[in-house]
Amino acid sequence: MANYVGALDQGTTSTRFIVFGNRGQIISADQKEHKQIYPQPGWVEHNPLEIWQNTQEVIRGAMAKGRIAGSELAAIGITNQRETTVLWDKNTGRPFANAIVWQCTRTHDICKELSKEGGQDRFRAKTGLPIATYFSGPKIKWILDNVPEARKAVHKGDALFGTMDTWVIWWLTGGPKGGAHVTDVTNASRTMLMNLHTLQWDHDILEIMGIPRHILPQIVPSSDQNPWGVTPEDGPVNARIPVCGALGDQQAALVGQTCFEIGEAKSTYGTGCFLLLNTGTKPTPSTHGLITTLAYQASGQPAMYCLEGSIAIAGALVQWVRDNLGLIKESREIEALARTVEDNGGIYFVPAFSGLFAPYWRSDARGAIVGLTRYVNKGHLARAVLEANAYQTRDIVEAMNQDSGVKLSKLKVDGGMVYNNLLMQFLADTLGVPVIRPKVTETTALGAAYAAGLAVGFWSDLEQLYKNWAEDYTWTPSMAPQIREKGYQGWKKAVERTLNWVDEPGV
């Protein structure tokens with residue numbers, strides 16, 4: 001009897017497997033971190049084989065903790081860090097190089113070259129994206145240009161490309177023994193290679209980048225009634241279970257937060273911060289630095305689109321303060337440290353460690369702490385770290401209001417940082433709207449579970465999912481408007497100080 005749905009959440013810093021019940025409740029979970037590899041300044045890599053190993057371990061771990069047999073799963077869904085790129089040998093499953101992570105800036109030169117003709121928005125009409133180091137297409141080109149073994153395998157027809165959803169699904173459904181080579185529309189929309197209107201790989205862009213079509217996965221719906229494959233009986237699930245749901249992590253959170261109506265928005269605070277606004281069945285072009293992207297698609301249904309604002313460094317800034325500065329021993333201690341002071345002491349921390357993402361798209365920017373005086377102490381620094389998350393969100397909301405023509409009235413939030421009450425209150429104050437945390441905050445994994453569960457009829461319709469969603473806490477704005485605006489103007493000045501820092505491309 002299938003009583004549960006499993007969701008694999010392959011994130012930037014860890015991989016988790018969560019088993020959900022019919023009411024969207026967590027039954028059991030297991031998690032494992034993987035190594036962050038920094039070969040040069042601005043470069044970020046992961047070992048794909050380590051991630052696959054961790055994937056198997058967390059599936060077994062969660063099933064054991066919940067005393068759940070593989071046959072009790074109705075389906076498995078995948079959610080993942082999105083633009084991270086891997087090329088591997090289809091016969092052996094061996095990657096030709098480490099995965100290039102979405103934060104990595106090594107493709108700066110390639111992006112500059114691509115922008116020479118038509119500027120940064122050269123492909124925006126087709127893809128909804130600016131040319132930026134963030135996306136997968138230039139990362140594929142970098143591997144083909146710099147890894148001879150990969151190039152040779154491509155010519156022989158032995159190489160496959162995938163973002164992490166594709167990599168994990170391929171292995172989960174058999175790997176070299178007939179694994180499915182697919183990617184869902186949301187992940188495909190982050191490559192800078194898919195046409196938003198046709199939902200197919202764009203021949204002209206592939207030609208410009210020199211990427212052969214045959215290495216790319218098949219594009220499929222996010223929730224697919226035709227399963228892409230099943231898990232083998234000798235695999236980590238120990239049963240033949242359909243794999244039929246996949247969503248990029250931020251789109252998964254949108255689904256997990258049940259933002260199915262036009263104008264509904266959510267913001268996820270994890271390694272980065274990502275705010276998505278549902279815009280319906282037609283792509284809304286952005287003129288204010290946002291991304292037009294896919295929200296989700298169910299079998300036989302029109303695709304849904306959204307506007308997205310992407311921030312590279314959110315929770316990662318707290319990790320940096322913990323690991324690089326040693327100001328705290330655990331991430332959760334940042335709130336108590338920030339509460340030792342009344343305000344930021346006049347300082348702002350702009351975490352442009354790998355350039356600035358939306359709405360600026362400036363890869364020449366680098367991180368800065370501005371406004372320092374002898375008065376400032378570590379409490380002020382901790383507070384500025386938290387405030388940076390709220391100010392970056394406000395940048396996105398300002399752009400979103402202008403692009404969509406709809407003023408944000410409330411914001412649903414999820415991710416690890418939403419238990420930081422000081423940050424959530426400051427976020428409500430900075431945006432001037434209520435901020436709402438749901439009871440189940442693992443909305444990314446929940447969205448992947450919903451995609452797979454809907455495909456096999458475990459959940460009958462969206463109405464059932466709406467009933468599962470419940471509010472846990474709401475923060476309402478309490479800051480005087482003049483103080484709010486003064487703080488935000490200070491932030492804008494601080495952002496200006498980070499620009500034009502990098503003279504040499506790719507540094």
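Predicted model: local features only at pLDDT ≥ 70, side-chain atom pairs only at ≥ 80, totals over all residues.

Student: What makes β2 largely enclosed?
Tutor: Seven of the seven residues of strand β2 (residues 14-20) are buried, so the rest of the structure largely encloses this strand. S14, R16, I18 and F20 point one way, T15, F17 and V19 point the other way, and all are buried.

Student: How do you know that β1 and β2 run antiparallel and are joined?
Tutor: Two strands pair if DSSP finds at least two bridges between them. Strand β1 (residues 4-10) is joined to β2 by six bridges in the antiparallel sense, with D9 bridging to R16 of β2. The two strands form a hairpin with three residues between them. On the β3 (residues 26-33) side, β2 pairs over seven antiparallel bridges, one of which links I18 to A29 in β3. That hairpin has five residues between its strands, and G24 in the turn has a positive phi of about 80 degrees.

Student: What makes β17 and β23 edge strands?
Tutor: They belong to an open sheet of seven strands in the order β17-β18-β16-β15-β21-β22-β23, with mixed pairing. β17 (291-296) and β23 (471-475) each pair on one side only, which is the mark of an edge strand. The twist averages 30 degrees from one strand to the next. Within the sheet, β15 (residues 265-269) and β21 (residues 411-414) pair in the parallel sense over three bridges, with T268 bridging to D414 of β21.

Student: At what angle does helix α12 run to β18?
Tutor: Axes are lines fitted to C-alpha atoms, for helices over the stretch in contact, and angles run from 0 to 180 degrees between N-to-C directions. Helix α12 (residues 378-404) lies across β15, β16 (273-280), β18 (304-311) and β21, running at about 145 degrees to β18.

Student: What makes a space a cavity, and what makes it a pocket?
Tutor: On a 1 Å grid over the protein atoms alone, a cavity is a set of points where a 1.4 Å probe fits but cannot get out, whereas a pocket is an open set with protein on both sides within 12 Å along at least five of seven lines; lining residues have an atom within 4 Å of a point. Grid points are joined across faces, edges and corners, and a volume is the space filled by probe spheres set on the points. The whole structure has three cavities of 30 Å³ or more. The largest has a volume of about 90 Å³; of its 13 lining residues, I311, L356, F357, A358 and Q392 are the closest to its centre.

Student: How large is the second largest pocket?
Tutor: About 460 Å³ of space lies in it. Its lining has 20 residues, with Y296, A298, Q301, L454 and L462 nearest the centre. Helix α14 (residues 443-456) gives the most, with four residues.

Student: Why is R67 called exposed?
Tutor: Its relative accessible area is 79%, over the 50% limit, so R67 is exposed. R67 sits in the loop between α1 (48-65) and β5 (73-80) and has a positive phi of about 50 degrees although it is not a glycine. N500, in the segment after α16 (481-498), also counts as exposed, at 55% relative accessibility.

Technical notes: Residues numbered from 1 in each chain as written. Heavy atoms only, no water. Contact = heavy atoms within 4.5 Å. Buried < 20%, exposed > 50% of the residue type's maximum accessible area, 1.4 Å probe, protein only.
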